[in-house]
Amino acid sequence: MREDYKRHDISDRAWELLAPHLPGRRGAWGRVAKDNRKFINAVVWILRTGAPWRDLPPDYGDWKNTHRRFCRWRDKGVWENLFNLFVQDPDFEWLMIDASYIKVHPHAAGARGGNQDMGRTKGGSIRRYILQ
């Protein structure tokens, strides 16, 4: 690991897999990008924290230029191509499971003596939260 590594940055292993497929690499058409890794780390920071682009730490560069570059890559299909490339070999490092898909004990799912209505809030039926 590099000494300037931050918690949300991608690992060296992930970078080795990703770098050969990015635009701006040496030998590819166009200008050579000097900061592809910093840019990828900035995008990953935004995705992992859920923060708005304006809150991007200055260590990752100017938020406006980073957002503009993100949008250009989106419009060119770079993100989709990377996704299609890596979906074949997932590493599951940041796998997230939505709690609504986790199986619960039978008593919590409506068995005798358990919670008969899992969809309701603990406080009961509150009119404003029930869709008509």
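Trainee: What covers the buried residues of α3?

Mentor: The cover includes α2 (36–49) and α4. This is a predicted model, in which local features need pLDDT of at least 70 and side-chain atom pairs count only at pLDDT 80 or more, while totals for chains, interfaces and linings use all residues. Residues are numbered from 1 along each chain as its sequence is written, and side-chain values use heavy atoms, with hydrogens and water left out.

Trainee: How many residues does helix α3 have, and what does it reach?

Mentor: Helices are DSSP runs of H or I, at least four residues, numbered from the N terminus. Helix α3 covers residues 63–76, which is 14 residues. From first C-alpha to last it reaches 20 Å, close to the 20 Å expected at 1.5 Å a residue (1.5 Å times one less than the number of residues). Just after α3, G77 has a positive phi of about 85°.

Trainee: Which residues in α3 are buried?

Mentor: Buried means under 20% relative accessible area, with a 1.4 Å probe and protein chains only. In α3 these are T66, R69, F70, C71 and W73. T66 counts as buried because its relative accessibility is 7%.

Trainee: What is T66 in contact with?

Mentor: Contact means heavy atoms within 4.5 Å. Leaving aside neighbours within four places in sequence, T66 touches F39, A42, W53, L56, Y60 and G61.

Trainee: Where does V78 lie, and is V78 buried or exposed?

Mentor: V78 lies in helix α4, residues 78–86. V78 is at 12% relative accessibility and therefore counts as buried. With neighbours within four places in sequence left aside, V78 is in contact with P23 and W73. P23 and V78 are 55 residues apart in sequence, but 8.0 Å apart in space, C-alpha to C-alpha.

Key
Helices (H or I, at least four residues) and strands (E, at least two) are DSSP runs, numbered from the N terminus. Buried means under 20% relative accessible area, exposed over 50%, partly exposed in between (1.4 Å probe, protein chains only).
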